[in-house]
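Q: Hi! I have a protein model open and would like to walk through it with you. Can we start with the overall picture and then go into details?

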Amino acid sequence: MSSNEKTVDLAEKLWTRLRAGKPAGGRHPQICGDIPMSIGRDGTWFYQGGPIGRIELVKLFASVLQRDEEGGHWLVTPAEMARIEVEDVAFIAVELEKTGESTASVIRFRTNIDQWVELDENHGLRVEHDPETGEPSPYVKLDRGLEARLNRAVFYQLVDMADELKEPETGKMRIGVYSHNQFFEIGTLEAGE
């Protein structure tokens, strides 16, 4: 399969998933392929190599951003679809709010485009570790297959409010937070650590 055929195939799969099989008006949007837009690791949006300085424009593009099953990012409108390059994830969580206590608490994150998301069963938390340094990279799931990486300050806030749960069978200590009566794991410690 050629690169162009693979792009078309991915775009059609994404469009079918987004529209539950049948496109509005009976037709798929035109596939424009890759465009010279990208998102850097720090959440900065670029067009033709230069940063997009207007946050309103970034929010507009972000409102039509989707992620396919293979991790590709697409700007999807009813008329056109175009793939963009994303270095890590499209957004950064820059603020954390916690209300309530214990397991009934609610944790919310604000992204770099002022979007709030609550940590819940549909917006889970995952932590990847760099294989060389062991440094954690925490992510919160957003809608449309997207994610936001927690910045260092927000991650430290999250760790500061973490609880420990000991698994009786293994003795392993799970470290995490509660939100919406659900435990979200940040990391683990083996017995004796």
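A: Happy to! Buried residues make up 36% of the 193 residues in the protein. Keep in mind that this is a predicted model.

Q: How many helices and strands does the protein have?
A: There are three helices and 15 strands.

Q: What share of the contacts join residues at least 24 apart?
A: Counting contacts between residues at least 6 apart in sequence, 48% join residues at least 24 apart.

Q: Let's pick a strand. How many residues of β6 are buried?
A: Five of its seven residues are buried, so β6, which spans residues 80–86, is mostly covered.

Q: Which strands does β6 pair with, and in what sense?
A: One partner is β1 (residues 30–39), which pairs with β6 in the parallel sense over six bridges. Another is β5 (residues 73–76), which pairs with β6 in the antiparallel sense over four bridges.

Q: How many residues lie between β5 and β6?
A: Three residues lie between them, and the two strands form a hairpin.

Q: New topic: what is the order of the strands in the open sheet?
A: The order is β13-β14-β15, three strands with antiparallel pairing. The edge strands are β13 (163–166) and β15 (182–189), each of which pairs on one side only. On average, neighbouring strands of this sheet are turned by 40° against each other, direction ignored.

Q: Where do the side chains point in a strand like that?
A: As a general rule, side chains in a regular strand alternate between the two faces of the sheet.

Q: How many bridges join β14 to β15?
A: Seven bridges join β14 (residues 173–179) to β15, and the two run antiparallel. For example, R174 has T188 in β15 as its bridge partner.

Q: And how do β13 and β14 connect?
A: They pair in the antiparallel sense over four bridges, with K166 standing opposite M173 in β14. The two strands form a hairpin with six residues between them. In the turn, G171 has a positive phi of about 80°.

Q: Switching to rings: how many aromatic pairs does a search of the whole structure find?
A: It finds two. W45 and F91 form a tilted pair, 6.4 Å centre to centre with 40° between the planes.

Q: Why does that pair tie together parts that are apart in sequence?
A: Because W45 lies in strand β2 (residues 45–47) and F91 in strand β7 (residues 91–99), the pair links parts that are 46 residues apart in sequence. Both W45 and F91 are buried.

Q: Why is the pair of Y178 and F183 called edge-to-face?
A: The ring centres of Y178 and F183 are 5.1 Å apart and the planes are at 65°, so the pair counts as edge-to-face; the cut-off for that is over 60 degrees.

Q: Are those two buried or exposed?
A: Y178 counts as buried at 17% relative accessibility. F183 is buried too, with a relative accessible area of 15%.

Q: Last one: which charged residues sit over rings?
A: R108 lies over the face of W116, at 4.0 Å from the ring centre. The charged end of R126 sits over the ring of Y139, 4.2 Å from its centre.

Key. Residues are numbered from 1 along each chain as its sequence is written. This is a predicted model: local features need pLDDT of at least 70, side-chain atom pairs count only at pLDDT 80 or more; totals for chains, interfaces and linings use all residues. Side-chain values use heavy atoms; hydrogens and water are left out. Buried means under 20% relative accessible area, exposed over 50%, partly exposed in between (1.4 Å probe, protein chains only). Two strands pair if DSSP finds at least two bridges between them. Axes are lines fitted to C-alpha atoms, for helices over the stretch in contact, and angles run from 0 to 180 degrees between N-to-C directions. Rings of Phe, Tyr and Trp (its six-membered ring) pair if their centres lie within 6.5 Å; planes under 30 degrees apart count as stacked, over 60 as edge-to-face and the rest as tilted. A charge sits over a ring if NZ of Lys or CZ of Arg is within 6 Å of the ring centre and within 35 degrees of the ring normal. Contact means heavy atoms within 4.5 Å.
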